[in-house]
Amino acid sequence: MAWILLAVAGLLEVAWSIGMKYTDGFTRFWPSVFTIAGIAASMLLLAQAARSLPIGTAYGVWVGIGAAGAAVFGMAVLGEPATAARIFFVVLLLVAVVGLKATSGH
């Protein structure tokens with residue numbers, strides 16, 4: 001169950017990090033409300049997952065999912081550069097996330 005909570009927390013991190021782009025520095029009301037709610041929900045789920053998972057693993061996986069997801073969204077939707085190097089490092093992030101899970105002992 002902790003891994004499911006952590007995966008959802010990571011997906012929420014993707015959502016709120018993307019949401020920050022649309023808050024315009026937290027000057028737009030509804031995007032700001034949804035982004036803040038996403039931050040709170042993501043961190044609460046991370047905290048719940050960390051009750052039974054090692055914190056280094058939980059935090060690393062959470063950040064990895066968020067960073068990779070935001071980078072992919074930026075390249076796919078926002079027109080950010082999708083160079084071979086960027087794609088390589090996003091894949092490397094995902095390999096690290098899988099590696100952390102595989103070696104966590106849970």
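This note sets out numbered points on the predicted model shown above.

1. Overall architecture. The chain contains 4 helices and 0 strands, and reading along the sequence gives the pattern α-α-α-α. Along its principal axes, the C-alpha trace spans about 40 × 35 × 15 Å. Of the contacts between residues at least 6 apart in sequence, 68% join residues at least 24 apart.

2. Burial and surface. The chain has 106 residues, and buried residues make up 31% of them.

3. The largest nonpolar core. This core has 15 residues, among which Leu-6, Leu-46, Leu-53, Val-61 and Trp-62 touch the most other members. At least two residues of the core come from each of α1 (2-23), α2 (29-49) and α3 (55-76). The largest share, 7 residues, is supplied by α1. In soluble globular proteins, nonpolar side chains tend to be buried together.

4. Leu-6 as a point of contact. Which residues does Leu-6 contact, leaving aside its neighbours within four places in sequence? They are Leu-46, Ala-49, Leu-53, Ala-58, Val-61, Trp-62 and Ile-65. Leu-6 itself is one of the buried residues of α1.

5. Helix α1. The buried residues of α1 include Ala-2, Trp-3, Ala-9, Val-14, Trp-16 and Ile-18. Glu-13 and Thr-23 are also on the buried list for this helix. The cover over the buried residues of α1 includes α2, α3 and α4.

6. Is Phe-26 buried, exposed or partly exposed? At 41% relative accessibility, Phe-26 counts as partly exposed, because this value falls between the 20% and 50% limits.

7. Salt bridge. The count for the model comes to 1 salt bridge. The side chains of Glu-80 and Arg-86 form this pair, at 3.7 Å from N to O. Glu-80 counts as partly exposed, at 31% relative accessibility, and Arg-86 is likewise partly exposed, at 30%. Side chains of opposite charge can pair when their charged atoms come close.

8. A nonpolar surface patch. Ile-87, Phe-88, Phe-89, Val-91, Leu-92 and Val-95 form a nonpolar patch on the surface. Together these residues have about 570 Å² of accessible area. Val-91, one of the patch residues, is found in helix α4 (residues 84-102). With a relative accessibility of 44%, Val-91 counts as partly exposed.

Key:
Residues are numbered from 1 along each chain as its sequence is written. This is a predicted model: local features need pLDDT of at least 70, side-chain atom pairs count only at pLDDT 80 or more; totals for chains, interfaces and linings use all residues. Side-chain values use heavy atoms; hydrogens and water are left out. Patches are made of residues with over 30% relative accessible area and no salt bridge: like charges are joined within 9 Å, nonpolar side chains (Val, Leu, Ile, Met, Phe, Trp, Tyr) within 5 Å. Accessible areas come from the Shrake-Rupley method with a 1.4 Å probe; for residues, only the protein chains shown count as cover. A salt bridge is a side-chain nitrogen of Lys or Arg within 4 Å of a carboxyl oxygen of Asp or Glu. Buried means under 20% relative accessible area, exposed over 50%, partly exposed in between (1.4 Å probe, protein chains only). A nonpolar core is a set of buried Ala, Val, Leu, Ile, Met, Phe, Trp, Tyr and Cys residues joined through side-chain atoms within 4.5 Å. Contact means heavy atoms within 4.5 Å.
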